[in-house]
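Please keep the sequence and the structure in view while reading.

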Amino acid sequence: MNAPGRAVPSRLSINQATIKYTSLADALRITADAGVEAIGLWREPVAEVGLAEAERMVGGSGLRVSSLCRGGFFTVPEGPDRRAALDENRRAIEETAALAAAGAPGSAPVLVLVAGGLPAGSTDLVGARARVADALAELESDARAAGVTLAIEPLHPMYAADRAVVSTLGQALDLAEPFPTASVGVVVDTFHVWWDPQALDQIARAGAAGRIASYQVCDFLTPIPADALLARGMMGDGHVDFASLTAAVDAAGYAGDVEVEIFNAEIWAADPVKVVDRTVRAFERSIPVRDAPARSR
């Protein structure tokens with residue numbers, strides 16, 4: 001547990017996925033009790049209590065909201081399933097705006113988008129990526145009207161078939177480029193971009209365009225488990241060069257919260273209070289970010 005009076009990095013945010021099996025109420029309490037100032041929310045725990053109650057709980061927590069996960073999954077061809085997916089994303093946009101408004105000053109109305117993988121039976125990667133662009137074009141006006149940023153998250157290429165046909169930061173920036181920076185940005189996630197020889201150049205490109213909407217951190221572990229989704233680890237336990245990536249994100253002008261988002265079965269099974277304490281200590285050692293500027297809504 002954090003020692004009384006111990007300073008916690010002001011830009012650290014605990015993404016709810018790191019303490020996956022806690023309720024929204026417990027996640028807010030544990031995060032705040034640890035002295036952490038921000039939390040990244042997930043839609044499923046919000047849905048369990050209802051949006052209105054979640055707003056009340058977030059408002060009473062004193063925490064900033066750094067993002068809402070997640071929207072996206074709109075690579076299916078035109079038809080009822082695609083219309084339903086787009087409508088679900090519109091609901092996610094509304095939830096993002098409401099939860100950010102309920103959070104403490106400095107909360108970010110950022111909806112993280114995971115594009116979706118190949119439709120069942122399809123090998124048309126080019127077509128799936130084109131449908132991501134089409135979905136952004138359809139949703140951008142809704143996001144702009146709500147004051148929400150759609151944050152495209154490129155995922156490691158091993159997830160291209162089943163989770164995200166957007167695999168590099170460069171691809172994400174190409175998709176974002178036609179739209180205003182306030183309404184469409186990108187997520188820089190160390191787990192997904194650390195391997196990319198163009199990562200530092202693309203982070204600089206994203207910063208020059210004002211497109212970095214979120215910075216998420218965790219480590220890349222080997223051997224990769226049978227469920228590759230669970231290959232994320234605590235910072236310092238794997239192969240990621242956090243110093244160079246974080247320096248690049250800072251140099252690019254990103255001054256928002258930094259979310260720790262870890263999918264890992266052992267971490268999920270541990271006491272969430274101890275997980276948050278461990279996260280604080282690992283963040284202090286591994287993520288050399290500058291202190292936060294003065295916060296304003």
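In this predicted model, a salt bridge joins the side chains of arginine 82 and glutamate 78, with an N to O distance of 4.0 Å. Arginine 82 counts as buried because its relative accessibility is 4%, whereas glutamate 78, at 55%, counts as exposed. Through salt bridges with shared partners, Glu78, Arg82, Arg83, Asp87, Arg90, Glu138 and Asp142 form one network.

Across the whole structure, 21 salt bridges are found. The table lists some of them.

| Side chains | N to O distance |
|---|---|
| Arginine 82 and glutamate 78 | 4.0 Å |
| Arginine 43 and glutamate 95 | 2.7 Å |
| Arginine 64 and aspartate 257 | 2.7 Å |

The salt bridge between arginine 43 and glutamate 95 ties together parts that are 52 residues apart in sequence, because arginine 43 lies in helix α2 and glutamate 95 in helix α4. Arginine 43 is buried at 14% relative accessibility, and glutamate 95 is buried at 15%.

The salt bridge between arginine 64 and aspartate 257 links strand β3 to the loop between α9 and β10, 193 residues apart. Both of these residues, arginine 64 and aspartate 257, are buried.

The structure also contains 2 cavities of 30 Å³ or more. The largest cavity has a volume of about 130 Å³. Its lining comprises 16 residues, of which Arg70, Leu155, His192, Arg232 and Phe263 are the closest to the centre. By class, this lining has 9 nonpolar, 1 polar and 6 charged residues. The second largest cavity, of about 30 Å³, has a lining of 7 nonpolar residues, with no polar and no charged ones.

Conventions
Residues are numbered from 1 along each chain as its sequence is written. This is a predicted model: local features need pLDDT of at least 70, side-chain atom pairs count only at pLDDT 80 or more; totals for chains, interfaces and linings use all residues. Side-chain values use heavy atoms; hydrogens and water are left out. On a 1 Å grid over the protein atoms alone, a cavity is a set of points where a 1.4 Å probe fits but cannot get out, and a pocket is an open set with protein on both sides within 12 Å along at least five of seven lines; lining residues have an atom within 4 Å of a point. Grid points are joined across faces, edges and corners, and a volume is the space filled by probe spheres set on the points. Ala, Val, Leu, Ile, Met, Phe, Trp, Tyr, Cys and Pro count as nonpolar, Asp, Glu, Lys and Arg as charged, and the others, Gly among them, as polar. Helices (H or I, at least four residues) and strands (E, at least two) are DSSP runs, numbered from the N terminus. Buried means under 20% relative accessible area, exposed over 50%, partly exposed in between (1.4 Å probe, protein chains only).
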